[in-house]
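Let's take a look inside a protein together. Have the 3D view open and follow along.

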Amino acid sequence: MANDINQVALTGRLVKGAEVKYPRENFCVVTFTIASNENQKKGDQWEKRANYIDCSFSGNYAKALAPSMTKGRSITVTGKIHQDRWEKDGQKQSKIIIKVDNAELGQLPNGKSDSSEPSAEEQPFDDVPDDSDPENIPF
């Protein structure tokens, strides 16, 4: 009998900034939503259709990455599909989320810069090592 495979890779853009929660002491959960487009043909025209995928990411790496996870930023995640099920007012409900194993941030939206990294104009030049002397190379 073959083993089931539950692995997903997804690239898209963050719909809004990531939310950081601490459901218990020393345990961080970062939740966010990715918009990933697909092309769909309607008549003679191709149209983009957005899919909104909820994701959950936990651990120290998620906590460190969360401040840079801003609206519109490109992100690639890998993980597993997880279905939450519950009953509300006698009706069965369910929701699919991606339990993220790894995330990699990509480009920021056009015209924006990452606030955690100063722009070239903001970087002081007196901290730049002189590469002409091999003794001054930091590696």
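Which residues in the largest nonpolar core touch the most other members? They are Val30, Phe32, Phe57, Ile75, Val77 and Val100, out of 17 residues in this core.

| Element | Residues |
|---|---|
| strand S3 | 27-42 |
| strand S4 | 45-58 |
| strand S6 | 91-105 |

A nonpolar core here is a set of buried (under 20% relative accessible area) Ala, Val, Leu, Ile, Met, Phe, Trp, Tyr and Cys residues joined through side-chain atoms within 4.5 Å. Helices (H or I, at least four residues) and strands (E, at least two) are DSSP runs, numbered from the N terminus.

A quick word on the source: this is a predicted model, where local features need pLDDT of at least 70, side-chain atom pairs count only at pLDDT 80 or more, and totals for chains, interfaces and linings use all residues. Residues are numbered from 1 along each chain as its sequence is written, and side-chain values use heavy atoms, with hydrogens and water left out.

Now pick out Phe57: leaving aside residues up to four places away in sequence, its contacts (heavy atoms within 4.5 Å) include Val30, Phe32, Ala62, Leu65 and Val100.

Trp46 sits in strand S4. Trp46 counts as exposed (over 50%) because its relative accessibility is 58%. Beyond residues up to four places away in sequence, Trp46 touches Asn39, Gln40 and Lys41.

Note on methods. Buried < 20%, exposed > 50% of the residue type's maximum accessible area, 1.4 Å probe, protein only.
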